[in-house]
Amino acid sequence: MSEPLVKVDQLTKLFPVSRGMFRRPVDFIHAVDGVSFEIAPGESLGLVGESGCGKTTTGRLLVKLMEPTSGQILMQDEGSLIDVAHIGSDDLRRFRRRVQMIFQDPYESMNPRRTVFETVSEPLAVQNIGSLREREDRVAQMLQLVGLTPPNTFLFRYPHELSGGQRQRVAIARALVLDPSFVVADEPTSMLDVSIRISIMELMLELADAFDVSYLYITHDLAVARYMCDRIAVMYLGKIVELGDTEEVLSNPLHPYTRALLSAVPVPDPTYRKPEVEIKGGITKAINPPSECRFIERCPWATDICHASEHPPLEDKGAGHFVACHLVDKGAG
Amino acid sequence: MSSPPLLEVDRLVMHYVTEKGEVSAVEDVSFSLKKGEALGLVGESGCGKTSIAMSLLRLQADNAVFKSGEIRLNGENLLALPEDEMRRHRWKDIAMVFQGAMNAWNPVYRVGDQIREALDLHFRPRLSDAEVTERISRLFEMVGLNPAMANRYPHEFSGGMRQRAIIAMALSCDPSIIIADEPTTALDVIVQDQILQELKKIQEELGMAIIYISHDIAVIAEVTDTIGIMYAGKLVELGPTVEVFARPKHPYAYLLLSSTPSVTGPRRKLAPLEGEPPNLLNPPTGCRFHPRCPYATERCSIDEPPMEVVGDGHQVACWNWQEVPVTISQEARP
């Protein structure tokens, strides 16, 4: 593998939970807890899991919308490595050129008083790139690329004049207008109708090639992750429990949580007989979690080893298939 | 001979009257439901599926107008009933599991008391307090909730538990039909699976008929016998679920299935559907799908295609259904 574009090491984010008379934070939600992974240039990594697993927080940490409690995020930038947590204000602007985000809700992520042109050209203005004329050309070119054609019919429209799919196309144009190398996409298609969803997914795949951009693709939908991502990481209560090539993880899931998740996914084939979902209880919150395996209470297979040990490390079980489980043998991948 | 239908929707036309004009929300929709049958209505937002669900209970929005057609429950036209008679059918004969389990409960009453209210209203002769308590306990057990939870308030329930309690409420008066409108949409996939399995089990045990309404074609595949595919207020295809998935006949159904990703099977290339659904204030002439349809011919923009029988219990509204490929393309994603 070439030098990673993004290298995340032991990333942790704790949120204080205020309780009691003086609202002193005594407890902490371990939203992201010792997460490590790498993303190669041009690669798309899927971050999947249920609500509250920490996938969105991880994404926000990576684009510096939030500061980590501890851990490191390193990013490749024209030969040098940036330590995202310690970017000075000068470098921050440069960082924002390289890294962008696409949000879930195209109805909320756009300023309703700004035209499409203003929204898409704003990053260029902030970065002081080009004259007004050049910005107009660039925005028109971006709208063309995202399929809002002819561009001049869209330039001066407001968000309320656009459909959900069109708004998400504008969001994509805005994210890519600075030619970034890394984009965090947080459920970019989950608010869209099925018939619109695939065209947005296809567009993102095409543009990933054209712009040579890497995605961290956050989704709760494993079928979408399968379509979009080269590798996937499965999160449970702040921890990555399994990580590997998408097809390998989906055809040979090794962590008990991944297995449960996968067997619960509805399949668009009425003749398909789903395996039983083997999981106990309901999801909890990671408030001051015990030191054992995060999945222990819901795991139908937990043994004495699991109860006697710390949360298992994310280990390569063969061929780059990483699993955090005491019960999975090396070589199972 | 097949059993007579429990519920028949017969050429239903419902519009919403707005300042900008009439929205043609449900246009000439017909289907029927047999005792114990699980029917799914699938389509995108604004296709009319929730309008139909609300119409079945006569809980449609204030600006809704029934232009023509009938909804018959055991032969009786519900649309002709006065409101007080309709109220007798609600919960007792047709119950509903709403979408958004979070908002369906009154936050200041115990969950058990809210179910008790429905039982008091509908059971004749009225049940004694002890009978009601006993019944609520049994309902809670049936949906996989601890009966002690009946004394708790809605905020003490998780999303999945609230949805289970909603199902318990819907079952409380032994309805013959349950309408489940996006029953699991707000839930995570593991909880969704548990709720769907639970509903399916209960439906089979009690022999109830159920209408699932969902935008998620994979959910419909899992739990229904019959599927109706809606587009822009029209029912465009209706048939046995297995048959429609194997050999969709309507171009929209075909494209919808072609564009649904799955975690199983080969990683297929998905075919995007061009364009967006029409504005129903001013729907396209002829077939409402023709502006987006790759198989459309001149006739499609002029004449509205009627439902045509194309197989055993399988109907489709398309002039050119014979042009649609017989099976979904299995071409792999590059």
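Which residue does the side chain of B:Arg72 meet in a salt bridge? The partner is B:Glu8, at 3.4 Å from N to O; a salt bridge here is a side-chain nitrogen of Lys or Arg within 4 Å of a carboxyl oxygen of Asp or Glu.

Good morning, colleagues. Before I continue, a word on conventions. This is a predicted model, in which local features need pLDDT of at least 70 and side-chain atom pairs count only at pLDDT 80 or more, while totals for chains, interfaces and linings use all residues. Residues are numbered from 1 along each chain as its sequence is written, chains are lettered from A and ligands numbered from 1 in the order in which they are written, and side-chain values use heavy atoms, with hydrogens and water left out.

To return to the opening pair: B:Arg72 belongs to strand 4 of chain B and B:Glu8 to strand 1 (residues 7-18) of chain B, and 64 residues separate them. Helices (H or I, at least four residues) and strands (E, at least two) are DSSP runs, numbered from the N terminus. B:Arg72 counts as buried at 17% relative accessibility, whereas B:Glu8, at 24%, counts as partly exposed. The terms are defined as follows: buried is under 20% relative accessible area, exposed is over 50%, and partly exposed is in between (1.4 Å probe, protein chains only). A network of salt bridges links B:Glu8 and B:Arg72 with B:Asp10 and B:Glu70.

The surrounding sheet in chain B is open, with four strands in the order 2-1-4-5 and antiparallel pairing. Its edge strands are strand 2 (21-33) and strand 5 (76-77), each of which pairs on one side only. Pairing requires that DSSP find at least two bridges between two strands. Strand 4 (residues 64-73) and strand 5 of chain B are joined by two bridges, and B:Leu73 has B:Glu76 as its bridge partner in strand 5.

Now chain B as a whole. Its secondary structure comes to nine helices and 12 strands. The radius of gyration is 21 Å, close to the 20 Å that the globule rule gives for 334 residues, so chain B is as compact as a globular protein of that length. That radius is taken over C-alpha atoms, and the rule is 2.2 Å times the number of residues to the power 0.38. The C-alpha trace of chain B spans about 65 × 50 × 45 Å along its principal axes, and 52% of the 334 residues are buried.

I turn to chain A and strand 9. Why is strand 9 (residues 231-236) of chain A described as largely enclosed? Six of its six residues are buried, so the rest of the structure largely encloses it. A:Arg231, A:Ala233 and A:Met235 point one way, and A:Ile232, A:Val234 and A:Tyr236 the other. On the parallel side, four bridges join strand 9 of chain A to strand 3 (residues 44-48) of chain A, with A:Gly46 opposite A:Ile232. Strand 10 (residues 239-245) of chain A pairs with strand 9 in the antiparallel sense over six bridges, and there A:Ile232 stands opposite A:Gly244. The hairpin of these two strands has two residues between them, and A:Leu237 takes a positive phi near 45°.

A:Lys239, in strand 10 of chain A, is buried, with a relative accessible area of 15%. Leaving out residues up to four places away in sequence, A:Lys239 touches A:Asp33, A:Val35, A:Val234, A:Arg294 and A:His311; contact means heavy atoms within 4.5 Å.

Helix 9 of chain A presents a related case. Eight of its nine residues are buried, so the rest of the structure largely encloses helix 9. The cover over its buried residues includes helix 7 (222-228), strand 9, strand 10 and helix 8 (246-251) of chain A, together with helix 6 (189-206) of chain B.

Finally, another salt bridge. The side chains of A:Lys330 and A:Glu315 meet at 3.8 Å, N to O. A:Lys330 lies in the segment after strand 12 (322-323) of chain A and A:Glu315 in strand 11 (residues 315-316) of chain A, 15 residues apart. A:Lys330 counts as exposed at 58% relative accessibility, and A:Glu315 as partly exposed at 30%. Over all chains, a search of the whole structure finds 37 salt bridges. Thank you.
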